[in-house]
Amino acid sequence: EGIKLALCITMYQEAWCEFERTMKGVIQGLIDLYCQQTELKWEEFKQHGLDRYAKQRNDAATRGVSRLSAYLHYGMISPFRIAREASNLGAEKFLDELLIWRELAYCFCRFSDSVETTAAVPAWARKTLNEHRSDLRICLHSWETSARAKTNDSLWDACQRSLLRHGELHNNLRMTWGKHILQWTSGPEEALARLQDLNHRYALDGRNPASYGGILWCLGQFDRPFTPPQKIIGTVRPRPLPEHLQRLDLAKYQQLVNRPIYGQQLSIACIGAGLAGLICARTLTDHGLNVTLFDKSRSVGGRTANRRGDGGWSCDHGAQYFTVRDRRLAKYAHSWHEDGVIDLWQGRVIELRNGEVLDKERPQPRWVGTPAMNSLARHLAGGLTIQFETQVTHTQRNADGLYEIIAQDGTSHGTFDAVLYNLPAPQIKPIIPNDCSWKARLDSIEFAPCWAVMLAFESMFDVPFDGAFINEGPLRWIARDSSKPQRHGRFDTWVLHASPEWSHANYDQEPEKIIAVLCDALRQATGHDLPDLVASSAHRWRYAQPTNCLTDNCLWDSQRLLGACGDWCNGPRVEGALLSGLALSGRILGYLHQNYPPQPQSSPRQLSLL
């Protein structure tokens with residue numbers, strides 16, 4: 001056994017050394033490539049832009065700057081070399097920016113205890129901003145509204161799209177962009193946090209000392225007071241968006257910002273408009289890609305469905321609530337809450353065991369959509385191109401290498417460069433091409449069915465809880481839907497979910513029988529008679545919950561440009577579905593960033609690998 005172990009260790013060490021040698025070669029190749037790109041960029045700017053820098057540096061629409069900030073940040077070119085060669089060409093204003101303002105920010109960050117709080121700005125700036133903290137704001141934008149460039153201010157949104165899509169923002173515009181965030185946040189602390197988040201999250205030169213210097217300048221750093229004081233900003237230097245518009249060709253700048261990122265406008269089809277598909281499509285759309293969603297239903301949201309009935313009652317009969325454990329999703333949840341898309345469900349949730357009430361300690365907040373669970377899906381779908389009532393039954397590749405989307409009636413719905421699937425795994429397999437690299441992995445995924453019953457009572461069902469887990473008999477979960485936020489109907493509405501085992505055994509039963517059996521189970525579980533029923537309905541979820549999920553966050557075939565996402569990838573929860581959709585969008589964007597646009601002589605639909 002000792003000899004076997006020694007041999008295994010030796011083989012592992014040899015394999016690891018070989019892997020290290022390979023990776024070092026790959027990394028060194030990428031470094032050499034980016035350094036060559038930097039060299040070409042600097043040489044081009046020296047020849048065609050440096051002599052006009054002093055006149056054009058403040059015009060974001062002409063691109064009269066070097067755009068070397070990110071390359072300097074990652075050490076791909078030396079500032080000493082740039083300074084030496086610019087000095088030889090007599091570029092005084094360029095040297096002023098490089099040697100004075102850039103070095104000033106570096107020195108400040110080097111010797112400052114903190115550059116991430118308002119303590120970093122001068123005392124006079126903190127004082128005046130604090131004095132105007134309570135000034136009335138016209139509006140307060142959430143983080144998501146700002147991050148997605150949806151404030152409805154044309155110039156500010158163009159600035160944010162430049163960050164979001166291209167990872168850069170003209171420095172002169174960054175000053176105006178940053179100062180205006182003070183107008184849309186509750187105070188200087190939130191404004192600085194928002195500035196740093198947006199800049200560091202999206203800018204390629206984010207977290208750089210020069211970047212910190214520019215952000216802090218928006219709040220008064222490296223500056224002086226300007227009188228008379230104005231609302232919100234006090235004596236901090238004003239920089240209104242309308243004034244900047246007077247010296248900028250907005251249409252030309254928007255054209256520059258909205259240019260295709262990858263040299264061409266890729267078209268992507270997403271089949272299925274559940275939460276995973278929606279957040280994936282929206283992320284890709286925000287980054288400038290052309291995405292079309294197809295769904296067989298009349299609305300979005302999949303299992304976050306809401307049923308409405310005669311008399312004004314409604315009920316969430318799919319997903320009941322969701323939790324947020326992952327910090328990547330927490331920022332979204334907070335923003336959705338701020339925008340009124342979701343809210344906390346404060347109802348008492350317990351466990352019922354043999355008729356006894358057991359409190360369940362659940363430290364995680366329970367989020368629900370408002371005024372219905374599908375409100376989050378509707379929010380994510382805003383602005384997306386969606387074809388409803390279209391059941392896709394086939395995706396086939398044509399002679400040009402494009403995917404044709406074929407519906408159940410045989411109608412073709414166009415051709416696309418890539419296809420994404422946000423469906424239960426058993427529904428994906430029949431419609432994807434046979435050569436998809438991950439098709440066979442779908443066989444391992446299993447789903448459990450669930451019968452859901454909705455009840456509307458004339459009077460209150462008098463039990464001391466609003467939700468209960470039941471692990472005996474036919475029921476698994478019961479909840480007072482009318483106890484959730486913004487459920488304003490006059491009826492007491494309840495939803496009952498049957499257990500997977502019982503649902504499977506009674507899968508083909510008539511809805512009327514299902515309602516009768518589950519109502520009787522509700523009486524037995526609670527020990528209370530039911531109030532008079534106003535309405536009842538039943539829905540059978542065939543793929544209610546994945547019971548054997550993949551460990552992957554998503555599936556992506558980079559050779560054939562086929563992807564899939566859903567809660568069966570990342571865990572049987574709403575949070576898992578959202579994270580899976582975000583993961584797939586990241587895989588696609590990462591793949592595209594690793595590919596150059598096609599050469600002029602190549603097919604406009606092909607991508608050439610680095």
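Is Asp 443 buried or exposed? At 52% relative accessibility, Asp 443 counts as exposed, because the cut-off for that class is over 50%. The structure discussed here is a predicted model.

## The salt bridge of Asp 443

Asp 443 meets the side chain of Lys 429 in a salt bridge, with an N to O distance of 2.4 Å. The pair links distant parts of the chain, 14 residues apart, and both Lys 429 and Asp 443 are placed in the loop between α17 (425–428) and β14 (447–457). Lys 429 is partly exposed, its relative accessible area being 28%.

## Other salt bridges

In total, 37 salt bridges are present in the structure. One of them joins Arg 201 to Asp 197, whose closest N and O atoms are 2.9 Å apart. Both residues belong to helix α10 (residues 188–202), where a spacing of four residues corresponds to about one turn of the helix. Arg 201 is partly exposed at 42% relative accessibility, whereas Asp 197 is buried, with a relative accessible area of 16%.

A further salt bridge is formed between the side chains of Arg 102 and Glu 103 (3.5 Å, N to O). Arg 102 counts as buried at 13% relative accessibility, while Glu 103 is partly exposed at 32%. Elsewhere, a network of salt bridges links Glu 39, Glu 43, Lys 46, Arg 81 and Glu 85.

## The six-stranded sheet

Six strands make up an open sheet of mixed pairing, in the order β9-β2-β1-β13-β20-β19. Its edges are β9 (385–387) and β19 (555–557), each of which pairs on one side only. On average, and with direction ignored, neighbouring strands of this sheet are turned by 20 degrees against each other.

Within the sheet, β1 (residues 267–271) and β2 (residues 290–294) run parallel and are joined by five bridges. Ser 267 stands opposite Asn 290 in β2. Helix α14 (residues 275–286) packs on the sheet and touches β1, β2, β9 and β13 (418–421). The direction of helix α14 makes about 160 degrees with that of β2. Helix α21 (residues 574–593) also packs on the sheet, touching β1, β13, β19 and β20 (562–564). The direction of helix α21 makes about 25 degrees with that of β19.

## A nonpolar surface patch

Tyr 12, Trp 16, Phe 19, Met 23, Val 26, Ile 27, Leu 30, Ile 31 and Tyr 34 make a nonpolar surface patch of about 840 Å². Of these residues, Tyr 34 is found in helix α1 (residues 2–48). Tyr 34 is partly exposed, with a relative accessible area of 32%.

Methods: Residues numbered from 1 in each chain as written. Predicted model: local features only at pLDDT ≥ 70, side-chain atom pairs only at ≥ 80, totals over all residues. Heavy atoms only, no water. Pairing = 2+ DSSP bridges. Helix = DSSP H or I, 4+ residues; strand = E, 2+ residues; numbered from the N terminus. Axes fitted to C-alpha atoms, helices over the stretch in contact; angles between N-to-C directions. Contact = heavy atoms within 4.5 Å. Patch = residues over 30% accessible without salt bridge, like charges linked within 9 Å, V, L, I, M, F, W, Y side chains within 5 Å. Areas by Shrake-Rupley, 256 points an atom, 1.4 Å probe, with all protein chains shown as cover. Salt bridge = Lys/Arg side-chain N within 4 Å of Asp/Glu carboxyl O. Buried < 20%, exposed > 50% of the residue type's maximum accessible area, 1.4 Å probe, protein only.
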